[in-house]
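Subject: A structure for you to look at

Hello,

Here is the structure I promised to pass on to you. Have a look at it first, and then read on for what turned up in it.

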Amino acid sequence: MADKRLRVNVNSQAIYKVASLVSNSVILSANAFLLGSSIQNQIRDRKRDRRVEGLQLTAEIAGAVAGLTKVVINTVSNNAQPTDL
């Protein structure tokens with residue numbers, strides 16, 4: 001069999017286009033990663049904010065119940081007659 005040779009001519013324009021393609025691919029990949037990370041962080045922040053708001057509401061309700069209980073106990077204690085007990 002005869003040797004078959006492949007001849008490739010590479011010019012500066014072809015090298016530039018390949019380098020540009022590789023560069024754009026890297027930039028696109030980096031942007032996709034940053035966008036995904038940003039979305040994940042926003043979701044995480046929203047979940048954390050909802051938990052904090054829920055805990056704050058729970059603490060406010062607990063404080064209100066404690067204050068109401070104190071008022072009721074003080075009122076009952078001040079108005080209690082020995083015959084009522």
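To get your bearings, where is the place of Val-8? Val-8 sits in the segment before α1. Please keep in mind as you read that this is a predicted model.

**The overall shape**

The protein chain has 1 helix and 0 strands. Its radius of gyration is 37 Å, well over the 12 Å that the globule rule gives for 85 residues, so the chain is more spread out than a compact globule. You can see this in the C-alpha trace too, which spans about 125 × 30 × 5 Å along its principal axes.

How much of the chain is buried? Buried residues account for 0% of the 85 residues. The accessible surface of the chain is about 8300 Å², and carbon and sulfur atoms contribute 61% of that surface.

Ser-20 belongs to helix α1 and is partly exposed, at 26% relative accessible area.

For a second pair, take Lys-17 and Arg-7. They are 10 residues apart along the chain, with 20 Å between their C-alpha atoms. Lys-17 is in helix α1, and with a relative accessible area of 53% it is exposed.

**The salt bridge**

Side chains of opposite charge can pair when their charged atoms come close. How many salt bridges does the structure hold? There is 1 salt bridge in the structure. It joins Arg-48 to Asp-45, and the closest N and O atoms are 2.7 Å apart.

How are the two partners placed in the helix? Arg-48 and Asp-45 are 3 residues apart in helix α1, which covers residues 12-79, so about one helical turn separates them. Both ends of the pair are partly exposed: Arg-48 has a relative accessible area of 40%, and Asp-45 has one of 32%.

**Patches on the surface**

Now back to Val-8. Together with Leu-6, Val-10 and Ile-15, Val-8 makes a nonpolar surface patch of about 460 Å². Val-8 counts as exposed, because its relative accessibility is 57% and the cut-off for exposed is over 50%.

Which residues gather in a patch of positive charge on the surface? They are Arg-46, Lys-47, Arg-50 and Arg-51. Of these, Lys-47 is found in helix α1 and is partly exposed, with 46% relative accessible area.

Finally, consider the charges of the whole chain. There are 11 positive and 6 negative charges, and their mean positions lie 21 Å apart.

Enjoy exploring it, and write back with any questions.

Best wishes

Note on methods. Residues numbered from 1 in each chain as written. Predicted model: local features only at pLDDT ≥ 70, side-chain atom pairs only at ≥ 80, totals over all residues. Heavy atoms only, no water. Salt bridge = Lys/Arg side-chain N within 4 Å of Asp/Glu carboxyl O. Helix = DSSP H or I, 4+ residues; strand = E, 2+ residues; numbered from the N terminus. Buried < 20%, exposed > 50% of the residue type's maximum accessible area, 1.4 Å probe, protein only. Patch = residues over 30% accessible without salt bridge, like charges linked within 9 Å, V, L, I, M, F, W, Y side chains within 5 Å. Areas by Shrake-Rupley, 256 points an atom, 1.4 Å probe, with all protein chains shown as cover. Lys, Arg positive; Asp, Glu negative; His and termini not counted. Charge placed at Lys NZ, Arg CZ, Asp CG, Glu CD. Rg over C-alpha atoms; globule rule 2.2 N^0.38 Å.
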